[in-house]
Amino acid sequence: MTKHFDLVISEPGAGKSYQLVTRAVEAKMAGESIFIAVPTHASKQNLVAMMYDRMPSASSERELRALKSLAYDVHVLESSYNGQSEIFIDEIGQWPSSNFNSLLLNLQSVTHASVHLTGDIKQLTPSSSLGSPLEALLRNNLDVESFWGWVADKAYNEFDFTELQAPTLWRIEEPIEVTLLTENHRLAGLGYNSFDNDFFDDIVETKVKELPDYSVALLEAIQNYSAILVATKQRGKEVNRIIGDALNDLTMFQQGAYFVQVQGKTYLNPNHHDYETLQKKFPGVPRVTPEVPMDEEVLYKFWATVHSMQGITISSVTFFMGNTPIANGHQDHYNENMLYTSVTRASDHITLLGLKESFRFMRHQEPTSPQRKLGRFRANKAKTMLFDVLLTDKPADKRSFAETYGLYQSIFNSLELPANVSADLDVFNVRSEMHNQHELAMAFKEYPYMDAIRKGFNADYRTFYTEEISKVNGQSAKGKGKVQVWLNSLDEAELAKVTEDVQTLSRAKFKEAYNMTNTSVKKALGL
């Protein structure tokens with residue numbers, strides 16, 4: 001059984017995908033069977049569009065036929081793999097590890113295969129996974145204090161690897177050959193040499209427009225067919241609201257919107273007033289096909305999330321943050337990879353709309369580490385299973401906290417994790433950490449007592465939480481100090497969320513969410 005792996009790594013604009021297509025064309029003309037895999041439908045559309053763009057300049061009829069054939073060899077993720085000998089994986093930095101592990105498993109039964117990986121470690125990691133295979137590969141070969149600090153500062157400027165050792169779980173015996181592409185064609189149009197620290201310092205200081213009203217700036221972006229990217233759907237809704245108020249015409253809004261969202265998926269808006277131009281400006285965005293149920297609920301929108309535009313190159317990008325500060329509980333989401341991915345979609349023009357402090361924050365916020373992401377997965381799963389057991393306890397059989405904690409330890413130690421999670425833990429060397437007694441007692445704030453009532457007024461274990469609060473604060477949780485005690489029990493992120501909600505939610509919705517009155521919490525917070 002012969003396996004060969006190689007990796008081409010670089011920033012966006014250095015020609016990774018172009019080189020992938022070139023190598024795939026050569027393999028196709030040599031008579032090899034080809035499998036090209038990408039992480040998303042948008043990246044598939046982008047890669048196929050690149051193939052069609054190259055067809056007019058094909059050097060021979062044979063090359064033209066190879067390009068046309070390759071368009072049918074592009075697949076989203078690994079499920080369609082059927083033993084092909086030449087495998088090209090684009091944007092490996094965006095792949096969920098579980099899908100890549102599945103492909104590796106399929107390769108065990110293949111006699112011969114060459115696997116060609118391309119990727120960029122600075123892109124956003126897959127939201128559905130602990131990390132990407134590219135992150136796992138680099139972590140397996142680096143000995144640095146801060147992985148993401150190395151990525152931001154040295155990944156491409158001081159990258160001196162010519163080969164990398166694969167994680168043991170991958171079962172790849174030979175080193176993976178590595179090629180770094182350094183000439184950035186895309187940045188030449190923006191006046192820079194590299195997406196390095198100097199680039200992002202300059203972008204944040206010179207490209208940010210912090211305005212009291214963003215309607216004119218957003219309308220200008222629309223006029224120039226600039227892609228309006230957002231970090232969250234909530235900020236996207238703000239974009240739609242601002243533009244909707246400015247246009248004040250539903251027909252103009254629907255005929256001007258770049259995109260439609262149907263069943264959670266984003267497509268180019270087929271009802272756009274100049275659909276032909278829209279297709280040219282956004283070549284990588286999926287089109288509406290007859291299979292898309294346009295007779296169902298359709299959301300017209302001028303924005304797209306940064307995640308959904310990964311793998312796509314657009315002439316102009318407007319990254320919208322608006323004037324809502326980044327909440328403490330959401331800081332991990334707004335990291336340097338989010339900023340990097342948004343601005344590197346642009347080939348010619350970049351605009352940042354929002355608070356400069358928000359962009360400065362993202363500029364220096366590292367992505368969440370695998371340990372932080374998944375270190376408590378087993379602990380939280382064991383807690384959920386513990387609650388399920390306790391929900392069946394009758395009041396007369398209520399356990400002490402010591403007994404409950406002993407049961408929790410037993411569940412934690414015997415818990416079998418899903419295969420994909422267990423694989424991620426192994427590849428990223430994540431330690432499973434158990435809740436200590438204080439943490440478990442505090443977790444009983446979430447105990448689903450209403451479920452216990454529905455099961456027959458069974459034992460109420462929420463007292464573990466209130467007793468722990470009393471112990472920590474040195475006072476009873478009853479009476480006048482109840483709200484203050486509760487607020488003192490919250491961590492920084494939870495307190496920020498409560499502070500935001502008490503000022504934005506209606507009294508009824510706040511009471512429903514927290515079982516506290518809006519007035520008493522505002523008073524305790526000094527609002």
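Predicted model: local features only at pLDDT ≥ 70, side-chain atom pairs only at ≥ 80, totals over all residues.

Trainee: Okay, cores first. How many residues are in the largest nonpolar core?
Mentor: That core has 107 residues. Those with the most contacts inside it are Leu7, Leu138, Trp170, Ile228, Phe282 and Phe319.

Trainee: And which strand gives the largest share of it?
Mentor: That's β14, residues 314-322, which contributes 5 residues to this core.

Trainee: Let me zoom in on Phe282. What is it in contact with, leaving aside its neighbours within four places in sequence?
Mentor: Phe282 touches Tyr225, Ser226, Ala227, Tyr258, Phe259, Leu268, Arg287 and Ile314. Arg287 and Ser226 are in that list alongside residues such as Phe259 and Leu268.

Trainee: Which residues line the largest cavity?
Mentor: The lining is made of Lys122, Val151, Ala152, Phe195, Asp196, Asn197, Phe200, Glu336, Asn337, Leu339, Tyr340 and Arg363. By class, that is 6 nonpolar, 2 polar and 4 charged residues.

Trainee: Which helix gives the most to that lining?
Mentor: α13 does, with 4 residues. Helices α6 (147-154), α8 (197-206) and α13 (336-343) each supply at least two. Domain 1 (2-180) and domain 2 (196-364) each provide at least three residues of the lining.

Trainee: And the second largest cavity, what lies nearest its centre?
Mentor: Lys122, Ala152, Asp153, Asn157 and Asp196, out of 13 lining residues. Here α6 gives the most, with 4 residues. The classes come to 5 nonpolar, 3 polar and 5 charged.

Trainee: Now the open ones. How much space lies in the largest pocket?
Mentor: About 1000 Å³. It is lined by 37 residues, and the closest to its centre are Thr40, His41, Ala42, Pro286 and Ser308.

Trainee: Which elements give two or more residues to that lining?
Mentor: They are α2 (41-54), β11 (265-268) and β13 (303-305). α2 gives the most, with 7 residues. Domain 1 (2-180) and domain 2 (196-364) each contribute at least three residues to this pocket's lining.

Trainee: How do the lining residues divide by class, and what are the counts?
Mentor: For the largest pocket, there are 17 nonpolar, 15 polar and 5 charged residues.

Trainee: Last one, the second largest pocket. Where does it lie?
Mentor: Domain 3 (394-473) and domain 4 (482-525) both give residues to its lining, so this pocket lies between them. Its volume is about 910 Å³.

Trainee: Which residues should I click on to find its centre?
Mentor: Lys445, Arg462, Tyr465, Trp486 and Asn515 are the closest to it, among 30 lining residues. α21 gives the most to the lining, with 6 residues. By class, the lining divides into 15 nonpolar, 5 polar and 10 charged.

Trainee: Great, thanks, I'll go and look at those on screen.

Terms used. Residues numbered from 1 in each chain as written. Heavy atoms only, no water. Core = buried A, V, L, I, M, F, W, Y, C linked by side-chain atoms within 4.5 Å. Buried < 20%, exposed > 50% of the residue type's maximum accessible area, 1.4 Å probe, protein only. Contact = heavy atoms within 4.5 Å. 1 Å grid on protein atoms, 1.4 Å probe; cavity = no way out; pocket = protein on both sides within 12 Å on 5 of 7 lines; lining within 4 Å. Nonpolar A, V, L, I, M, F, W, Y, C, P; charged D, E, K, R; others polar. Domains from an automatic or database assignment. Points joined across faces, edges and corners; volume = space filled by probe spheres on them.
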